[in-house]
Amino acid sequence: MSDKHITSSKEPMALDLLRRSDRDREQHGDRIPPGQKVTERWPIFTYGSTPRIDLKEWKFIVAGAVEEEMAFTWEELNALPQIAVVTDVHCVTGWTKLDNEWRGVPFREMARLVQPKPEAQHVMAHCYGGYTTNIPLADLMRDDVLLAHTHNGQPLAPEHGGPLRLVIPHLYFWKSAKWLRGLLFIPDERPGFWEQYGYHIRGDPWKEERYS
Ligand SMILES: Nc1nc2c(c(=O)[nH]1)N[C@H]1C(S)=C(S)[C@@H](COP(=O)(O)O)O[C@H]1N2
Ligand SMILES: [Mo]
C-alpha cells in the first residue's frame, strides 16, 4: 500500500502510530488488540510516587461481602498455593508487552478461602499509596488472574508494584493494581481512581473499552 497521500497529513505522528499498530497486528496476528503497539521495554506507569513498603509491616486484607474476612502477613501469603502464568499486558495508552511470566497466588484460591457472599458482584482493589480500581468479580474468577510477586523469575520491582500486584490479563493494565493492600468485595459497581476520571468502567482491550 502506498502511504504517499497520508504522509502529507497534518498528523504524521498519529498516522505513524497507526501504521506501527497495523504492522504489529500483521506480525503477531490476533494477539494484539486494536490500536495497540508492541514494546520490548517495560514502561512504568504510576500516578504519584512509588510507596515504600516494609515487608515486616506489610499486610494483605480481604473484606466486605465475604463469609470470612482475612488478613495475611507476607509469610502467610507466600505459604498459599502458587501458580505461574504467561500473559500479555495491554496498557490503555497504547503499548502492549508480550510474554510476561507472573508467579503468585491465584485469585480463585483467595476466593475459595474467603467465600464471597451471593451479593458480592464486584471487587474494589485498594493499594498502598491510595490508588483504587474496580473489577467485576466474574472478571477475577478466571484461571489466569493472580496476586503476583514475581515477574520473569525476579521479585517484582518496587516501581512495578512489588511486593504484590494484581494481574488481570484480559483487561487493560490499569486494572492490575500495584502495591496491592486489600480487596473489598461489594454488591454494586463503583468507580475506582481512573474510572472516576473517565476511564472505562470495565476496560476490555479487545473491545477498546478505553474511556467512558
Ligand atoms: N497502585 C497503583 N497501581 C497501578 C497504577 C498506579 O498508578 N498505582 N497505574 C496503573 C496503570 S495506568 C498501569 S498502565 C499499570 C502500569 O504498571 P507498570 O508500571 O508495572 O507498567 O499499573 C496500574 N496499576
Ligand atoms: Mo495505564
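**Two domains and a salt bridge**

The side chains of Arg31 and Asp99 meet in a salt bridge, with 2.9 Å from N to O. The model is predicted. Its chain is divided into domain 1, residues 1-31, and domain 2, residues 34-207.

**Layout of the domains**

- The C-alpha centres of domain 1 and domain 2 are 32 Å apart.
- Eight residues from domain 1 and ten residues from domain 2 take part in the contact.

**Area buried between the domains**

- The size of an interface is often given as the accessible area that is lost when the parts come together.
- Between domain 1 and domain 2, about 800 Å² is buried, and carbon and sulfur atoms give 47% of this area.
- On the side of domain 1, Asp24, Arg25 and Arg31 lose the most area to domain 2, and together they account for 56% of what that side buries.

**Polar and charged links**

- Two salt bridges are found across the interface of domain 1 and domain 2.
- Four residue pairs are in polar contact across the interface of domain 1 and domain 2.
- The residues of domain 1 that touch domain 2 divide into five charged, two polar and one nonpolar.

**Thr87**

- The relative accessible area of Thr87 is 5%, under the 20% cut-off, so Thr87 counts as buried.
- Beyond its neighbours within four places in sequence, Thr87 is in contact with Lys97, Leu98, Asp99, Asn100, Trp102, Val167 and Pro169.
- One of these contacts, Asp99, is also the salt-bridge partner of Arg31.

Key: Residues are numbered from 1 along each chain as its sequence is written. Chains are lettered from A and ligands numbered from 1 in the order in which they are written. This is a predicted model: local features need pLDDT of at least 70, side-chain atom pairs count only at pLDDT 80 or more; totals for chains, interfaces and linings use all residues. Side-chain values use heavy atoms; hydrogens and water are left out. Domain bounds come from an automatic or database domain assignment. Contact means heavy atoms within 4.5 Å. Buried area is the accessible area (1.4 Å probe) that two parts lose on being put together, summed over both. A salt bridge is a side-chain nitrogen of Lys or Arg within 4 Å of a carboxyl oxygen of Asp or Glu. A polar contact is a pair of N or O atoms within 3.5 Å; within protein, one must be able to donate a hydrogen and the other to accept it, and residues adjacent in sequence count only if both atoms are side-chain atoms. Ala, Val, Leu, Ile, Met, Phe, Trp, Tyr, Cys and Pro count as nonpolar, Asp, Glu, Lys and Arg as charged, and the others, Gly among them, as polar. Buried means under 20% relative accessible area, exposed over 50%, partly exposed in between (1.4 Å probe, protein chains only).
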